[in-house]
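Hi,

Here is the model I said I would pass on.

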Amino acid sequence: MPVDKPKAGETKDEYLAYCIPAEIKAGYEQAQATAICYSTWDRRELSKQKFSDPQKRVAAKLNYDRKYKGINLTNLGENSSACWENYIQVGTKIMDGREVPDCRGPIED
């Protein structure tokens with residue numbers, strides 16, 4: 001189940017209060033659910049920033065990547081929008097030097 005994005009005017013605490021339980025209910029362990037929700041909040045905050053200097057934008061993106069390095073933030077399972085219809089995401093893989101969804105299938109209904 002894709003993570004709901006924070007709503008306009010919502011505080012970080014308000015967002016995390018409903019996001020983490022929703023991700024746990026979707027089947028993630030608490031640590032994974034917490035990482036998903038925090039990263040979604042941080043990604044939103046990063047996208048709201050205006051950078052006059054391109055180097056600052058790159059530095060902010062690198063800091064974000066470093067903060068969540070080694071944590072799988074991908075939504076796995078049949079609700080993943082990263083895969084074709086009737087395929088499910090079972091993780092990620094490195095392709096051409098970048099991390100991409102690892103889709104398996106086709107899954108018969």
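Among contacts (heavy atoms within 4.5 Å) in the chain between residues at least 6 apart in sequence, 34% join residues at least 24 apart. Bear in mind that this is a predicted model, where local features need pLDDT of at least 70, side-chain atom pairs count only at pLDDT 80 or more, and totals for chains, interfaces and linings use all residues. Residues are numbered from 1 along each chain as its sequence is written, and side-chain values use heavy atoms, with hydrogens and water left out.

As for the overall layout, the chain has 3 helices and 2 strands (DSSP runs, H or I of at least four residues for helices and E of at least two for strands, numbered from the N terminus). Their order along the sequence is α-α-α-β-β. Of the 109 residues, 28% count as buried (under 20% relative accessible area, 1.4 Å probe, protein chains only).

Now the helix pair. The axes of α1 (residues 12-25) and α2 (residues 30-48) come within 9 Å and cross at roughly 140° (lines fitted to C-alpha atoms over the stretch in contact, angles from 0 to 180 degrees between N-to-C directions). Residues making the contact include Tyr15, Leu16 and Ile20 of α1, and Ala33, Cys37 and Trp41 of α2.

Cheers

Terms used
Buried means under 20% relative accessible area, exposed over 50%, partly exposed in between (1.4 Å probe, protein chains only).
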